[in-house]
Amino acid sequence: FQKSIYGKPVKLLEGKIVDLQRNIIEGTLKGSLVVEGSGAYIGEYLSVFFHNEYLLVQKHNATLVTVPDLICVLDEETGYPLSVEELENHGKVWVIAIPSPFLLQTAKMLDVVGPMQFGIAERFIPMEERIKPNDNEG
């Protein structure tokens, strides 16, 4: 990631999907998943909300990550990213986040790709300000 315009990825949790809700609403796939931590993350839970793509991650109802920062759900075994259509209950996954480039964090770009454009009623705060350094890096 040294030459990337994106920041350094951070592992938020590894574990198992214990709740998965998906609904097609007006032709788009909306829903959420809950991941229960395993290994070093036992006892932790994350909620991930999506609308065709991952938009928001919360822990104990506190927001950790929102768009335009990237949220990825990876297959634990292969490391491949999983789209919302590929998610399965009891699937073993990693949830990671990648800081967005500064360009996407400008006021003009947030009017296009920010949380409010996806119906999330909160302003964008970069994940680096929400997640402590070395917190959950794996």
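User: What range of relative accessible area counts as partly exposed, and what is the value for E122?
Analyst: Buried means under 20% relative accessible area and exposed means over 50%, with partly exposed in between. In this predicted model, E122 is partly exposed because its relative accessible area falls in that range. The value for E122 is 23%.

User: Which residue forms a salt bridge with E122?
Analyst: Side chains of opposite charge can pair when their charged atoms come close. For E122, the closest N and O atoms of the pair are 3.2 Å apart.

User: Is E44 buried or exposed?
Analyst: E44 forms a salt bridge with K59, with 3.0 Å between the closest N and O atoms. This pair links distant parts of the chain, as K59 is in strand 4 (residues 54-59) and E44 is in the loop between strand 2 (28-37) and strand 3 (45-51). K59 counts as partly exposed at 22% relative accessibility. The relative accessible area of E44 is 18%, and the cut-off is under 20%, so E44 is buried.

User: How far apart are the closest N and O atoms of K11 and E14?
Analyst: A search of the whole structure finds three salt bridges, and K11 with E14 is one of them. Both K11 and E14 are buried. Their closest N and O atoms are apart by 2.6 Å.

User: What radius of gyration does the chain have?
Analyst: The chain has two helices and seven strands, in the order β-β-β-β-β-β-β-α-α. With 138 residues, a compact globule would have a radius of gyration near 14 Å, which agrees with the value for the chain. That value is 14 Å.

Methods:
Residues are numbered from 1 along each chain as its sequence is written. This is a predicted model: local features need pLDDT of at least 70, side-chain atom pairs count only at pLDDT 80 or more; totals for chains, interfaces and linings use all residues. Side-chain values use heavy atoms; hydrogens and water are left out. Helices (H or I, at least four residues) and strands (E, at least two) are DSSP runs, numbered from the N terminus. The radius of gyration is taken over C-alpha atoms; the globule rule is 2.2 Å times the number of residues to the power 0.38. A salt bridge is a side-chain nitrogen of Lys or Arg within 4 Å of a carboxyl oxygen of Asp or Glu. Buried means under 20% relative accessible area, exposed over 50%, partly exposed in between (1.4 Å probe, protein chains only).
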